[in-house]
Structures are given as structure tokens and as C-alpha cells.
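Welcome to this short tour. Please have your viewer open and your selection tool ready, and we will go from stop to stop together.

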Amino acid sequence: MKVKVISRSAEVFTRERSQDLQPVFKNYDPSLRPLEKGVEYVRALNAVKLDKIFARPFIGAMDSHVDAISSMARNPSQLKEIFAGSMDGDIRLWDISARRTICQFPGHQGGVQGLTVSTDGRILVSCGTDSTVRLWNVPVSSFVDPYALIKQLEPASVYPWKNAFRAADHQWDGEHFATGGAQVDIWNHNRSQPVNSFVWGSDTVISVRFNPGEPNLLASSASDRSINLYDLRMDSPIRKMIMQTKTNSIAWNPMEPINFTVANEDGSCYSYDSRKLSEAKCVHEDHVSAVMDIDYSPTGREFVTGAYDKSLRIFPYNGGHSREIYSTKRMGRVFCVKFSGDGSYVISGSDDANLRVWKANASEQLGVILPREKKKHQYNEAIKKRYRHLHEIKRIARHRHVPRPIYKATKLMRIMADARKRKEQRRKDHSAPGSVTTKPRRIRKIIKEVE
């Protein structure tokens, strides 16, 4: 006679230390768990609700500036450092982790409109309304003594010029940097005058950005509502596109360098393929006022925008609507925004002379996370992604509390958009078939493309 006995090894089921967890073995046969989907749905619902409970995106403010923050630059070689320039000519290097000033760069006699840092993080370039370009040696990062006096550094070089500047950007790989003002000027660290200049039209250049993948490719926007592409190896601009409204800022996608997104005066952002400017790849809309600045996350999967409506939003790179909106009662109009070097935080600068630090993921847990907690967070993200199409989970995940002025403006803009749609539909209904056509918005905002 055969006797079947359940045999278990004591070594497998014995804990090595009293703090260890008891090992549990599960049979994942779905036939043994007929209610598994229902249990997972409840877990996903609870995970979404807990995200709302623990959503505390605001970390702190840095408030040593006297005037409005007009420009910011991230240090590529340091995760915790950011440069900020204000309208009174003050430039400060901030330690984000300690939320205090490391040193100051005095010298500008007007607003600092452009800040950029070399790829190795050693040279800071600043320019502004006083028609000067200043180069500074960035101090080596060290321990910050909270009781030490703030150091004031002298510029390494000062290059006066004949026009005021509105923007600056440094090559991702090289010694050249670009400034925008009456024209686009290309400078070298060791030259006191531009090595090259590009002019297309007579209006002021508002923003300049180098391509992260091709060091010689440059994009700019001007006050004549144009977006221009330049190649430093050529003597003339490559391509020009004119939109219905002005573009305030440009950002290239670091993971897809052929694509860039522009922050527009009409409250929307438009993503383009640099090879085909006749239509936008995606239209990102949610702001109710002009979008002043834009910056991509290092992952290239999302970008942050700051707007004149006193709010900043985080958009997925291929999504039409924002996933987060951040605002406070005291925050003024947001003029500049930046992602941190690791993409975990967002820094905003506004006209109330404050820099504010936010979490990129509002409900993310800060500090040291234990392995069990990390696995739990990963499991919650997985089940939320699995059941995100269900109505209740989608409703809770999408809900955001917005300031009353933004809520009212959004409601009014929705009413106006519906009225325009009804008007267009009535015009079609009372016209000859095919005589009235409606262009999609990603094409309608573009007036013409010039090569």
C-alpha cells in the first residue's frame, strides 16, 4: 500500500533572523481564485484614493530674490544646483536640497533674460537688458555651511554688445552658445564678439534652443510669430514657420531630438517634427492664459509648463491634456520652469520673487523607502494601470482641485469653443456640399511655412 505524505524541508520554512518575514508559498492557479479580479479592482480603487490623500506636491519656497524671477538654468553636472536670475540683475546659485543660496553673481544693470551653463558645468553664461554677455566660473560644489556668508563672485569675462538680449542657450556638446535679441548671435567662450549671426526678419528673438542630438542645429522663436531653424554650418537659416500667435519658449525632446514643443501665447503647446512643420504632431491644451516657459523631463516622456494664469502643469509628451496642475494662493505669474536633473522635482520661478520646489509625482513618498514599500508601490502602479479604463478609477484619477479663477476661465472657454463649433456646423449645413471645409487645430494655427 502506497501512502502519500506531504514533506516539507525545515530549512525552507525557518527564518534566519527573528526580524525576517515568514515565507509564504502561493498557488497562482486562476481556478482557485474566482474572485481575483474583484479583489484587484478594490485594491486599484483604494490605491487611487490613497494617491489623492497623500498628494502633497509642494515642498518649499526659496525667497531671497527681491524682484521677479525672469530666467533659470540647470547645472548639468550637479543634481541639486540651479541658477536663477531676476529682473533687478541679481543671479544666484541655489542648493535645492538645503533651499538656500550658495553664492551670488552681481554685475548686471538690468533684468537677466538669459541664463545657460556649459555642458561640463564650469561656465555660466548670462545676458540681459543691459546689452552685455557675462561669463562666470561656477564654484565647485561642497558642503554648505548654513551660517556662512554668501559669496559674491566676479565675472570672468564681460562682452558688451549693441542690442539688448532676450534669451541664451549653450550647445550640448561644444564651446559655442547662442543669444537672442535683435538677431540670433553665435558666440565662443574665447571671443568678445559673435562668430556668426543669423537674421530673418526684423523682429525681436524671444527664445533660442540648441538641439540635444545635433549640436549644430538651433531653433528660435520671434515676436513676429515665427519659429526658425538654423544650422551653424550654413550661412543662412534653414526653415521658417509662421503661426497665428506668438511663441514664448521652445524645448527639444532629449530622447527624440527630432521633435520639439513650443509654448504659445494662446494658452496651448504644440509639438512638431522638425522634418515636417506643416502640421503639429500633438496639441496640448489646458492653460487658460499665455504659456510662458516649457521644459522637458530628462526621460523625454513628459514636460512641464508655466503660464500667466499663475499655475504650472505637467503634460505627457503625447497627451492632449495635463496630468497635474500645481498652484498656490500666493504664487504669482510663472515666468520660468525647470525639471531637476533626475526628473523627480520641478522648480518654478514667478513674479512674486520666489522659487518653488514641487514633486513631479504629487503622491510620491520622499525619504528612504524599504524594499517592501517599493514592491508595494510597484504593485499599486501595476493594478492602477490595468484597471485605469474603468469609470470610477478614471474619474478619481482625473479629478483635480483648481483655483477658482482658472475654473471659471476654463468653463467660459469651453462655452466659447462649443459656440464656434455650432457656428461652423451651421455654416456647413447652409452651404453647398464641399464648399466649406474645417481644418484640424494642429493645422489651423499655422499660417505658412517658408524654406
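Which residues of the largest nonpolar core touch the most other members? Before you select anything, please note that this is a predicted model.

**Stop one: the cores**

Select Ile227, Met241, Phe260, Val262, Tyr270 and Tyr272: among the 16 residues of the largest nonpolar core, these touch the most other members. Now colour the elements that give this core two or more residues each: strand 16 (217-222), strand 17 (226-231), strand 18 (239-243), strand 19 (247-252), strand 20 (259-264) and strand 21 (268-273).

Stay for a moment with Met241 and show its surroundings. Leaving aside residues up to four places away in sequence, Met241 touches Arg225, Ser226, Ile227, Tyr272, Leu277, Ile446, Lys448 and Glu449.

Next, select Ala73, Ile91, Phe105 and Val117, which are included in a second, separate core of 13 residues.

**Stop two: the cavity**

How many cavities of 30 Å³ or more does a search of the whole structure find? The search finds one, and the volume of the largest cavity is about 70 Å³. To see what lines this cavity, select Ala182, Gln183, Val184, Phe198, Val199, Trp200, Gly201, Asp203, Val205, Ala222, Asn228 and Tyr230. Colour the lining by residue type and you will find eight nonpolar residues, three polar ones and one charged.

**Stop three: aromatic pairs**

Switch to the rings: the structure holds 15 aromatic pairs. Begin with Phe83 and Phe105, whose ring centres are 6.0 Å apart and whose planes meet at 50°, so this pair is tilted. Phe83 sits in strand 3 (residues 81-86), while Phe105 is in the loop between strand 5 (100-104) and strand 6 (112-117), so the pair ties together parts that are 22 residues apart in sequence. Are these two residues buried or exposed? Both Phe83 and Phe105 are buried.

Then move on to Tyr326 and Trp358, a stacked aromatic pair with 5.3 Å from centre to centre and 10° between the planes. Because Tyr326 lies in strand 26 (residues 324-326) and Trp358 in strand 29 (residues 355-359), this pair ties together parts 32 residues apart in sequence. Tyr326 counts as buried, at 2% relative accessibility, and Trp358 is buried with a relative accessible area of 1%.

How values were computed: Residues are numbered from 1 along each chain as its sequence is written. This is a predicted model: local features need pLDDT of at least 70, side-chain atom pairs count only at pLDDT 80 or more; totals for chains, interfaces and linings use all residues. Side-chain values use heavy atoms; hydrogens and water are left out. A nonpolar core is a set of buried Ala, Val, Leu, Ile, Met, Phe, Trp, Tyr and Cys residues joined through side-chain atoms within 4.5 Å. Buried means under 20% relative accessible area, exposed over 50%, partly exposed in between (1.4 Å probe, protein chains only). Helices (H or I, at least four residues) and strands (E, at least two) are DSSP runs, numbered from the N terminus. Contact means heavy atoms within 4.5 Å. On a 1 Å grid over the protein atoms alone, a cavity is a set of points where a 1.4 Å probe fits but cannot get out, and a pocket is an open set with protein on both sides within 12 Å along at least five of seven lines; lining residues have an atom within 4 Å of a point. Grid points are joined across faces, edges and corners, and a volume is the space filled by probe spheres set on the points. Ala, Val, Leu, Ile, Met, Phe, Trp, Tyr, Cys and Pro count as nonpolar, Asp, Glu, Lys and Arg as charged, and the others, Gly among them, as polar. Rings of Phe, Tyr and Trp (its six-membered ring) pair if their centres lie within 6.5 Å; planes under 30 degrees apart count as stacked, over 60 as edge-to-face and the rest as tilted.
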